[in-house]
Amino acid sequence: MISVLALSSGAAVFLLMALAIYIVLSIVAGTVTRLVPWLSLLAPGLTVVIFVRSMRGWQADPDLKLDPMGYWIIKDICSVGPRLILEGLRQVRCCGQLGELNVAACARALAYLAEQNAAVPWQDLMEHCPQLPGPRLREQLSLLDGVLFLGEDAARVTLMDPFRLRLRWMLEQDRKSGKWHEPARPKPEPTPQAVPVNDPEKLSAYEILGLSPSASAAEIKTAYRKRVKECHPDLFAGMDQQAQALAERWTKALNAAYATLNPRHGAARPNSTRQR
């Protein structure tokens, strides 16, 4: 639904921009009172050029710093259509990837990670979830907003604390209702503590957003929006005050990370990723 809305809105913006360009060209050429075939072709062509240039600039790493003349406002307005189309295409791709998701393997991995209070080495997770090859499991887990890969080589994996608390609460509800059957474990594991001990402040800005240091501005904004949804207060309405406070703490950490990496804030990006 999101992809259909985004693509249709982008198409509507394209038509409106083409109409506006046609009107401007007609006024310049003095042909406002009659239809000119070459203008009817030129206006959509110029619109296509504008859209393609905007898409390339937005994907590459646009310069979002404020300028004294305020031209960035015009650039943002002109990039609305291309951004809608790019978002629609991204949602279509994401929908296709989620359609191929191995639910059983990802559920087993998430249940295992939810019981841990610290980052888990990737090899340990692979031993616990042998249903999928390592690269395939990593690819599918990266589609889930609450999963964090730590370190430059992503050698450790953990969950955002708000996501972990919600998973624990859901698993507890399923155990009480008999819907969840604990899978056989390859080796005994310690009993999880009641309170997670991960500190979002100790994560680097790139780690908490799940990005590499080479991420573009568009990727930073998309990752921030996805991550911050996991901390929305509505998700913790039925849980205790501690869970709500933890979600607020992670929201502040995500906001701080985004403020650090967002070029519009004028902050320089770090050269390397800190490890916990």
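Predicted model: local features only at pLDDT ≥ 70, side-chain atom pairs only at ≥ 80, totals over all residues.
Q: How many helices and strands make up the secondary structure of the chain?
A: Read from the N terminus on, the elements of the chain follow the order α-α-α-α-α-β-α-α-β-β-α-α-α-α. The secondary structure therefore comes, with helices and strands taken as DSSP runs, to a total for the chain of eleven helices and three strands.

Q: What share of the contacts in the chain with a separation of 6 or more joins residues 24 or more positions apart?
A: The chain has 276 residues, of which 41% count as buried. Among its contacts with a separation of 6 or more, the share that falls to residues 24 or more positions apart is 72%.

Q: Which residue with a positive phi follows helix 1?
A: Helix 1 covers residues 2-29, and its 28 residues reach 40 Å from the first C-alpha to the last, close to the 40 Å expected at 1.5 Å a residue. Its buried residues include Ala6, Met17, Ile21 and Tyr22. The residue that follows helix 1, with a phi near 70 degrees, is Gly30.

Q: Is Phe163 buried or exposed?
A: Phe163 lies in helix 8, and, leaving aside its neighbours within four places in sequence, this residue is in contact with Leu110, Gly146, Val147 and Glu230. Its C-alpha is also 8.8 Å from that of Ala247, at a distance of 84 residues in sequence. Since the cut-off for this class is under 20% relative accessible area, Phe163, at 10% relative accessibility, counts as buried.

Q: Why are helix 5 and helix 8 roughly perpendicular to each other, and at what angle do their axes cross?
A: The axes of helix 5 and helix 8 come within 9 Å of each other. Angles of 65 to 115 degrees count as roughly perpendicular, and helix 5 and helix 8 therefore take that description, their axes crossing at roughly 105 degrees.

Q: How many nonpolar residues does the contact of helix 5 with helix 8 have?
A: From helix 5 the contact draws on Leu110, Ala111, Leu113 and Ala114, and from helix 8 on Phe163, Arg164, Leu167, Arg168 and Leu171. By class, this contact has two charged residues and no polar ones, and the number of nonpolar residues is seven.

Q: Which residues of helix 11 meet Asp161, Pro162 and Leu165 in helix 8?
A: Helix 8 and helix 11 pack with their axes 8 Å apart at an angle of about 150 degrees, and they are therefore roughly antiparallel to each other. By class, their contact has six nonpolar, no polar and one charged residues. The residues in helix 11 that meet Asp161, Pro162 and Leu165 are Ala243, Leu246, Ala247 and Trp250.

Q: At roughly what angle do the axes of helix 10 and helix 11 cross?
A: Helix 10 and helix 11 are roughly antiparallel to each other, a class that calls for an angle over 145 degrees. The contact is made by Ile220, Lys221, Tyr224, Arg227 and Val228 of helix 10 together with Thr251, Leu254, Asn255, Tyr258 and Leu261 of helix 11. The axes of these two helices come within 10 Å and cross at roughly 175 degrees.

Q: How wide an arc do the buried residues of helix 11 cover around the axis?
A: The buried residues of helix 11 are Ala243, Leu246, Ala247, Trp250, Ala253, Leu254, Ala257, Tyr258 and Leu261. They lie on the same side of helix 11, because the arc they cover around the axis is only 135 degrees.

Q: Which exposed residues does the face of helix 11 turned away from its buried side carry?
A: The buried residues of helix 11 pack against strand 2, helix 8, helix 9 and helix 10. The face turned away from that buried side carries the exposed residues Gln241 and Lys252.

How values were computed: Residues numbered from 1 in each chain as written. Heavy atoms only, no water. Axes fitted to C-alpha atoms, helices over the stretch in contact; angles between N-to-C directions. Helix = DSSP H or I, 4+ residues; strand = E, 2+ residues; numbered from the N terminus. Parallel < 35°, antiparallel > 145°, perpendicular 65-115°, else oblique. Contact = heavy atoms within 4.5 Å. Buried < 20%, exposed > 50% of the residue type's maximum accessible area, 1.4 Å probe, protein only. Arc of directions from axis to C-beta. Expected span 1.5 Å × (residues − 1). Nonpolar A, V, L, I, M, F, W, Y, C, P; charged D, E, K, R; others polar.
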